[in-house]
Amino acid sequence: MKTKKAVVTMKAKRYVLVVFFLSFVRKISTSVTHYSIPEEMKEGSVVANLATDLSLDVKTLNQRKMRLDIIANKKYLDVNKETGELYVVEKIDRENICSAKSSCYLRVEIILESPLRIFNIEVEILDMNDNAPQFRRDAIHLDISEATSKGERFSLSNAVDPDNGINSVKTYHLSESEYFDIEVQTGREGSKFANLILKKTLDREEYSVHNLILTAVDGGTPARSGTASVIVRVLDTNDNAPNFNKVNYNINIMENSPIGSLVIDLNATDLDDGSNSDITYSYSLYTSEKTQDTFNLSPSTGEITVKGMLNYEDLRIYDMEVIATDKGASALSGQCSIKVLVADMNDNHPEISIKSFQSPVKENIELETVIAVVSVSDKDSGDNGVVDLHIPDNMPFTLRESSDNYYELVVSEPLDREKAPEYDITFTVTDRGSPPLSDNETMTLELLDVNDNVPQFPQSFYTIRVMENNAPGALLSSLTAFDPDLHENQYLVYFILEKEIANTSMSMLFSINPENGNLYALKTFDYEIENEFLFHIEARDSGSPPLSSNVTVHIIIVDQNDNAPVIVSPWRAQGSVVEETIPRSTDKGSLVAKVIALDTDSVHNSRITYQFLQVTDATLFSLDQYNGEIRTMRMFSYRDPRHQRLIVVAKDNGEPALSATVTIKLSTLETAVNKAYSDMTEVPLEYDIFSDLNLYLVIGLGSVSFLLLITILVTIVLKCQTPKPSSAAPPCRNSVLSERNSTIADSTLVSNDAYWYSMFLAETRKGKMVVRQPVPKGSRYIVSSLPRGTGLTNTSDSAASTLQVSILYTFLFSYCPFIIIVSLVHLLLYNCLGPDMSPN
């Protein structure tokens, strides 16, 4: 009882655990989500956004380790953890996944952790008409008797289309024929098949074969089709009798023609086929027994040959009648008459007797070796009994007479089995009668092989191009040599001649199949490390002694675009931004920065072009796509931001192209002179020009302008009174010169003088004005070139002139600061309070 209670308790606990687990899984797994996509979608195509459809936060997909599992199939789909999009990884072929099913689904599980959630997704693969109907056989053969009545039906093989539904086979078409048509029928499962119908009675003697084209068309849009040849062979009936070429034949034959000599080859023809055209020849009852004993008639070929000895003195004319009968069920026959006329002649033929013949012999047999001994004879007398023996010309043998009517066949030229493995030597003997008689005998001489040929490669030098990043064990090429010898003399073994490169043996890099010469790569090559190999491969036969030859193999590693450009200038730390500073007074066309990128790939893949990926102002900077130089397209204006952000991408010429980017943060620096010039010229004057303060300002500026004019005139007068010529450098219309240390380059002046005065011509809404401003001692400024027409400024080494100019400058600038300060305060109040709030 205790045991039973324990068992019941354990079962109850297990049931509770199962219920708890199922409830937990039910919380994890939600309902099935369905999608439908067509087959053959391109790789990367988006199926759906799972984050949106499943109400998931895109930002947490990476943290929750979102992953995709495909159940019972390849991984055709994947999910983008950044966007939550379900996309196609590999093209889907519906017929490959669901060959015979009407519906096709891919079942996918989307799994997220923290908390664990599982989503079941079904992706229905919709069928496309991507398969054409195809017949099981390219040719359908039918045998139809010419006696078949019209209207008879014959079954044809149906076509198969892997697609389903409307995309499957819809109908059939037959090429135009006056004898045949087709009838399309539908099977139980909706499949279509065709029957061939005979429309007209066949005649084998007119057309023995009918070639038709059967086309199967599916119902897709656009429709696809497949074809098969229908070959109808017409079977014969015995409706034609044998027929000779002539009804009467006259044949002339010499007396004493040898037995078996051909008298005539009768050829009767029957238009029928098969056994109906097989003809048997026979003598008729009107042919005498003497004639039948003298001449033999072949029943199968119709050849009439000499059966007995012919003697002109005994009988001169032989008459015979031959019947040709076919082998049809209802045999038909035809006949002809033959008259044989015997002519007198030299009726004894010379004879040949082979006394000795040596075969086979080695191909390296020595010259003058005797191969055969032949004797000849003739029963006739006189010239009819004199015979001559000869063999065909252009053979490496000669006949040498040894004694009366005996000849030796000897080797006259070197033999080569690879050129001629055997010789058919025909001995022909001819008497000197009139007409001469002859006889012949043919003997076959076979040559035995010796190892006298070196293996030969088709090429003496092989250049093999191998794409880098190849798979180890890939077949590079097949280096097959040829040896015309036989048997073991022809069996070749291939191996690599050892050669070390950087302490690495060639056998560690490459392998060759010793039997067929297939060359394999044993490692993955990197073009940037090693780009070529040069070694030798030897082919050796198995003869005794063995012969060998070698060939040079040049392996060229072809570069792939597997290295992205690396930006080396301007230098920056990994992921940092390059900061550059330029004067705001930079001229148009000035060089701002130069981007230099390097690519370790080959010439084609390392060609780099540059372009802006992002630029703050596209009208301000230009980038040379070939040398990476960034230049200004115009001068800076007051509207341009002080900070410019340029993102330059360097892209190589590979396929696909690889790239690298650099971010340049460009800051513009204003000099004190430019700042004053900007303040005077670029701040818009929006307030009323007729306010009291403006009136005072106009009067003050007019006074200063008058004093400035007086000062300039006095200065000119003083200069003109100075008799001593100036030793300073000649004036430049585009630069301000200094008596102290200064550097002028590209119309830009850099100086550390103690006292400097700059002069600007400012244009405002009220007119033009000239402002002079002192530069503090020890400051370093960059002063841009003055515009053409601002005048020239010269310096002098005269102490008196310098003192006079200093007094005038001191007088002038005693009033300038006050006037400038009042102007700036007024403009500041106008900008802050507006024209209505500014003091009057």
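Analyst: Two strands count as paired if DSSP finds at least two bridges between them. The model is predicted. Strand β22, residues 317–326, and strand β23, residues 333–343, pair in the antiparallel sense over 9 bridges. Within this pairing, Ile-317 stands opposite Leu-341 in β23.

The two strands belong to an open sheet of 4 strands, ordered β17-β23-β22-β19, with mixed pairing. Its edge strands are β17 (248–254) and β19 (279–283), each of which pairs on one side only. On average, neighbouring strands of this sheet are turned by 30 degrees against each other, direction ignored. In general, the strands of a sheet pair through backbone hydrogen bonds, either parallel or antiparallel.

Next come the loops. Thr-221 and Pro-222 are joined by a cis peptide bond, with omega about -5 degrees. Pro-222 lies in the loop between β15 (209–218) and β16 (225–235). The peptide bond from Ser-569 to Pro-570 is also cis, and its omega is near 0 degrees. Here the loop that holds Pro-570 runs between β41 (566–569) and β42 (578–583).

Positive phi values in residues other than glycine are found at Asn-405, near 60 degrees, and at His-487, near 55 degrees. Asn-405 sits in the loop between β28 (397–403) and β29 (406–411). His-487 is placed in the loop between β33 (475–478) and β34 (492–496). With a relative accessible area of 39%, Asn-405 is partly exposed, whereas His-487 is exposed at 62%.

How values were computed: Residues numbered from 1 in each chain as written. Predicted model: local features only at pLDDT ≥ 70, side-chain atom pairs only at ≥ 80, totals over all residues. Heavy atoms only, no water. Axes fitted to C-alpha atoms, helices over the stretch in contact; angles between N-to-C directions. Buried < 20%, exposed > 50% of the residue type's maximum accessible area, 1.4 Å probe, protein only.
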